[in-house]
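Student: I am new to this structure. Please take a close look at the aromatic rings, and then at what surrounds the ligand.

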Amino acid sequence: MTGHTGCNKLPRELKRRRYLKSLAAFLAGSPLIRAQQDPFRDHSRVPAIGELADAFGFEAVAYAKQPRAAYDYPAYGAETEFTLRRNREAFEWVELVPNRIVQTGTIQTATELFGTKMAFPILVSPTAGHGQLHPEGEMATHRGAAAASNTTMIVSNNSSFPFEKVAAAAESPLWVQLYPKQSLDVDREYLEKAQAAGARALVVTIDQQASVYERALHDRNLNATSRRFGIPPRSANSYRLPESRLWYEWKFFDQIRPFVKVPILAKGILTAEDAKICIERGLDGVYVSNHGGRSLDYGPSTLEVLPEIVDAVGGKALILLDSGVRRGTDILKALALGANAVCLGRVPLWGLGSFGAAGVQRVLEILQSELVQAMQFTGRPTLASVDRKLALSDFP
Ligand code: FNR
């Protein structure tokens, strides 16, 4: 080094400290790192299951109990995580209109989707690899969902355990999710097995989720646990394109029809245009989702696009929504803007990662009771009485 700056004149140890200090200041200011800080740092212990009041508490306990990589995998979103944050912001920009002095009596939340009776319009979204959070993986999730008023669970194509094993773990209804493969034979075998094991509907995910995330890369490069598991520090897929998922076309739905005997939904719909194609293709359901902010960053939140999709579908198919749902009031907002039911992705994972099956059950029950309370406060005693007048939206 020839040039001398003020910094270079400092003794080596002082320079090192200064760099570490600025790095620490940067990390402390980063929203990603802040989101991962121990939320119980001011508490003397991690709360017990009965002490948690809402879904966010379960996230914090999962964070406290799980290894960093297992917590991070569900937590992260694509790239800058704008869409991940937007999903939450959108719910915060919708107001519920209170309706006073309405005799609500008992609140009726029961519904029926494709012939499956449900106590609440709430399902478990398909999420991969529950085995990372609990040794019994999806089987524990299924038991927890079943214990929470028979909640329907959608089993991921990338589940840690085969669909048939998950199906055997409990009695509540299961749907199955598929990422189309290049070989129709592979899809056929998977779907035939799942239908034989009792899958009552098929969700085909078409949002071409990105395969690599910055936070995951950060973990791979810097996290000791990931290194111990032998996860390579760099992705071999330098363009981050999910190569196995970029080839398919709308005609895929026609190709699988002959061997799918249950209703089919397309998951990942975010525009009226795509929703119309679903109807033209004869699909039974439109699943509005941005993969929980894990697919296209800077794509819209699902709540923002829901009304135009509802209008485009015009009652010709069922509409599900997920991405960002954390509370009963969120569920009510989505129902008011036209969804037939909502799905929960990370919420049951936080339940699983904190207290296993009991955590899944408890966190689902919390959202169910929050929904009942929100319906009571807004004077909507039945799902049929939940209409657009209930939700005021003015998205910035
Ligand atoms: C997912 N998601 C997902 N979707 C899918 O169709 N198949 C899958 O295997 C997975 N796997 C998966 C893993 C993890 C850890 C997450 C967080 C998400 C997307 C999921 O179905 C759903 O769309 C989002 O999770 C919904 O957003 P919230 O509720 O998590 O905000």
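Tutor: Start with a rule: rings of Phe, Tyr and Trp (its six-membered ring) pair if their centres lie within 6.5 Å. The model is predicted. Ring pairs join Trp 250, Phe 252 and Phe 253 into a cluster. By the pairing rule, the count is 8 aromatic pairs. One of these is formed by Phe 82 and Tyr 298. Their rings are stacked, at 4.8 Å centre to centre and with 15 degrees between the planes. Phe 82 belongs to helix α5 (residues 82-92), while Tyr 298 is in the loop between β9 (285-288) and α13 (302-313), so the pair ties together parts 216 residues apart in sequence. Phe 82 is partly exposed, at 26% relative accessibility. Tyr 298 is exposed, at 53%.

Rings also meet charges here. The charged end of Lys 267 sits over the ring of Tyr 287, 5.4 Å from its centre. Arg 294 places its charged end over the ring of Tyr 73, 5.0 Å from the ring centre.

Now the ligand. It is surrounded by 22 residues; the closest are Pro 126, Ser 156, Thr 205, Asp 322 and Gly 324. The shell divides into 6 nonpolar, 11 polar and 5 charged residues. Helices α4 (68-75) and α15 (346-377) each supply at least two of the shell residues. A polar backbone atom of Ala 128 lies 3.0 Å from a ligand nitrogen. A nitrogen atom of the ligand is also 3.2 Å from a side-chain N or O atom of His 291. Asp 322 has a polar side-chain atom 2.8 Å from a ligand oxygen. The protein covers 99% of the 590 Å² of accessible area that the ligand has on its own.

Conventions. Residues are numbered from 1 along each chain as its sequence is written. This is a predicted model: local features need pLDDT of at least 70, side-chain atom pairs count only at pLDDT 80 or more; totals for chains, interfaces and linings use all residues. Side-chain values use heavy atoms; hydrogens and water are left out. Rings of Phe, Tyr and Trp (its six-membered ring) pair if their centres lie within 6.5 Å; planes under 30 degrees apart count as stacked, over 60 as edge-to-face and the rest as tilted. Helices (H or I, at least four residues) and strands (E, at least two) are DSSP runs, numbered from the N terminus. Buried means under 20% relative accessible area, exposed over 50%, partly exposed in between (1.4 Å probe, protein chains only). A charge sits over a ring if NZ of Lys or CZ of Arg is within 6 Å of the ring centre and within 35 degrees of the ring normal. A residue is near a molecule or strand if one of its heavy atoms lies within 4 Å of it. A polar contact is a pair of N or O atoms within 3.5 Å; within protein, one must be able to donate a hydrogen and the other to accept it, and residues adjacent in sequence count only if both atoms are side-chain atoms. Accessible areas come from the Shrake-Rupley method with a 1.4 Å probe; for residues, only the protein chains shown count as cover. Ala, Val, Leu, Ile, Met, Phe, Trp, Tyr, Cys and Pro count as nonpolar, Asp, Glu, Lys and Arg as charged, and the others, Gly among them, as polar.
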